[in-house]
Amino acid sequence: MDDETSLSRFIPANACKPMEGMWSWETVDGMHCIQFDCDVVTEGSINLENENHILKQRGIKDEQGNQLVFKTVNDYFMLKAKELGGWDSPLFQQEFRNAWDAATKKQAAFHQFDFGLHTKYYKTPQPGCPLEIFIDFGTHHPCAGFVQSDRYGVDGSNEVTFYNCHDVIRGEGMAFDTFFDILIDIANKEYHDCPVSYYPVQEGKIKSSQGFTSKEGGFDPITAMRLKDLYVINPVYSKIAPRVKLTNEMLNTYHKGRPILNFNPGCRDWIEMLEGGYRKEKITRFKQEVYTESYFKDGYHDHLADGFTGWINTKFGKYGNGERALKNHKGNVRQLI
């Protein structure tokens, strides 16, 4: 059902149309009603001749190096979406798609997270399903996240994998061996017969900088993890912004209406991190309040966010100059431009 059809269900047949995207009618009890299709009004307000004049003044070129020209309203939206962080960016959604809840998401890094949707299909730990544990070696708040993959056959041949984010284990003030003994014990007791992979953050390659102590002195955590006979996946380096962008893309990836990523609604750490582990700052520039391009860390939930986005980047991110595909995902993947 398209938007026009859905909207028409609420508009009586005797309604008049004063302008495109607007309907007006009087109810049986004498109330006067006005209904807007905000997208139509927004699109109708764009003057491409004026916008092309502005483009020429700004000297904006297309991919071939020629002067960019808007031929359609969609061309205009494409550029604005790119400038404001993508089609699903709260800034773009509020400014051009009239999204009522966008204002509350402007500062949130993980703006695609929806508590009701991303916890609705959550499954408790399943015996035998692969378990992936990501680690952040924070100086004061080292933590680990437990994620289990859940693969289903689709249409008899294709497969799709969902990821259930279960638990968060923190290790404030713990020695390296103590923290990992706890993780191994939990994996053995609560995730029966599950093959386990460990995903350390990129800083795990650096010696003596991650807050753990050891009788032997300086060591890099990744080497120490392998000495414990753990199956360790080498981290893939990235900056915060690309990791956040990819994580939002994954949060917005579905198969038949079900999100690929699902979170334990009873784990406060997960929910609070997704709603505020990374955030943009509001600053004043030229006497106007604007949001920073970069993200700041809150000193607590950001450790989980570092580990989570590091896992996302290593598993689904970019390698070299090519982009690794989202394997086993047959749902709706909406690319951020």
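**Aromatic pairs, cores and helix packing**

User: Is lysine 256 buried or exposed?

Analyst: Keep in mind that this is a predicted model. Lysine 256 comes out at 68% relative accessibility. Since the cut-off for that class is over 50%, lysine 256 counts as exposed.

User: Where is the place of lysine 256, and what is its phi?

Analyst: Lysine 256 sits in the loop between strand S8 (253-255) and strand S9 (258-259). Lysine 256 is not a glycine, yet its phi is positive, at about 50 degrees.

User: What about aspartate 229: where is its place, and what is its phi?

Analyst: Aspartate 229 is in the loop between helix H8 (221-227) and H9. With 72% relative accessibility, aspartate 229 counts as exposed. Aspartate 229 isn't a glycine either, and its positive phi is about 65 degrees.

User: Zooming out, how many helices and strands does the protein chain have?

Analyst: The protein chain runs to 337 residues, of which 45% count as buried. If you take contacts between residues at least 6 apart in sequence, 61% of them join residues at least 24 apart. As for the elements, the count is eleven helices and 15 strands.

User: Which residues have the most contacts inside the largest nonpolar core?

Analyst: As a rule, nonpolar side chains in soluble globular proteins tend to be buried together. Here the largest nonpolar core has 32 residues. Those with the most contacts inside it are Phe110, Leu261, Phe263, Trp270, Phe308 and Trp311.

User: Which element gives the most to this core?

Analyst: The elements giving two or more residues are strand S5 (143-154), strand S6 (158-170), helix H9 (240-251), S10, helix H10 (268-276) and H11. One of these gives six residues, the most to this core. That element is H11.

User: How many residues are in the second, separate core?

Analyst: Among the members of that second core are Phe137, Phe146, Ala187 and Tyr198. This core is separate and has 22 residues.

User: How many aromatic pairs are there in the whole structure, and what kind of pair do phenylalanine 263 and phenylalanine 308 make?

Analyst: A search of the whole structure turns up 15 aromatic pairs. In the pair of phenylalanine 263 and phenylalanine 308, the ring centres are 5.9 Å apart and the planes stand at 75 degrees. Planes over 60 degrees apart fall in one class, so this pair is edge-to-face.

User: How many residues apart in sequence are the parts that this pair ties together?

Analyst: Both phenylalanine 263 and phenylalanine 308 are buried. Phenylalanine 263 belongs to strand S10 (residues 261-263) and phenylalanine 308 to helix H11 (residues 301-316), so the pair ties together parts whose separation in sequence is 45 residues.

User: Which ring face does arginine 258 lie over?

Analyst: Arginine 258 is 3.8 Å from the centre of the ring in question. The ring belongs to phenylalanine 162.

User: Back to the helices: how is H9 placed relative to H11, parallel or perpendicular?

Analyst: Two packed helices are described by the angle between their axes and the distance between the axes. H9 and H11 have axes 9 Å apart and an angle of about 75 degrees. Residues meeting there include Arg243, Leu246 and Met250 in H9 and Phe308, Ile312 and Phe316 in H11. That angle makes H9, relative to H11, roughly perpendicular.

User: At roughly what angle do the axes of H10 and H11 cross?

Analyst: The contact involves Asp269, Trp270, Glu272, Met273 and Leu274 of H10 together with His301, Leu304, Ala305 and Phe308 of H11. The axes come within 9 Å. They cross at roughly 85 degrees.

User: Is asparagine 264 buried or exposed?

Analyst: Asparagine 264 lies in the loop between S10 and H10. Beyond neighbours within four places in sequence, asparagine 264 is in contact with Tyr122, Cys165, His166, Asp167 and Ile271. At 15% relative accessibility, which is under the 20% cut-off, asparagine 264 counts as buried.

Conventions. Residues numbered from 1 in each chain as written. Predicted model: local features only at pLDDT ≥ 70, side-chain atom pairs only at ≥ 80, totals over all residues. Heavy atoms only, no water. Phe/Tyr/Trp six-rings, centres within 6.5 Å; stacked < 30°, edge-to-face > 60°. Helix = DSSP H or I, 4+ residues; strand = E, 2+ residues; numbered from the N terminus. Buried < 20%, exposed > 50% of the residue type's maximum accessible area, 1.4 Å probe, protein only. Lys NZ or Arg CZ within 6 Å of the ring centre and 35° of its normal. Core = buried A, V, L, I, M, F, W, Y, C linked by side-chain atoms within 4.5 Å. Axes fitted to C-alpha atoms, helices over the stretch in contact; angles between N-to-C directions. Parallel < 35°, antiparallel > 145°, perpendicular 65-115°, else oblique. Contact = heavy atoms within 4.5 Å.
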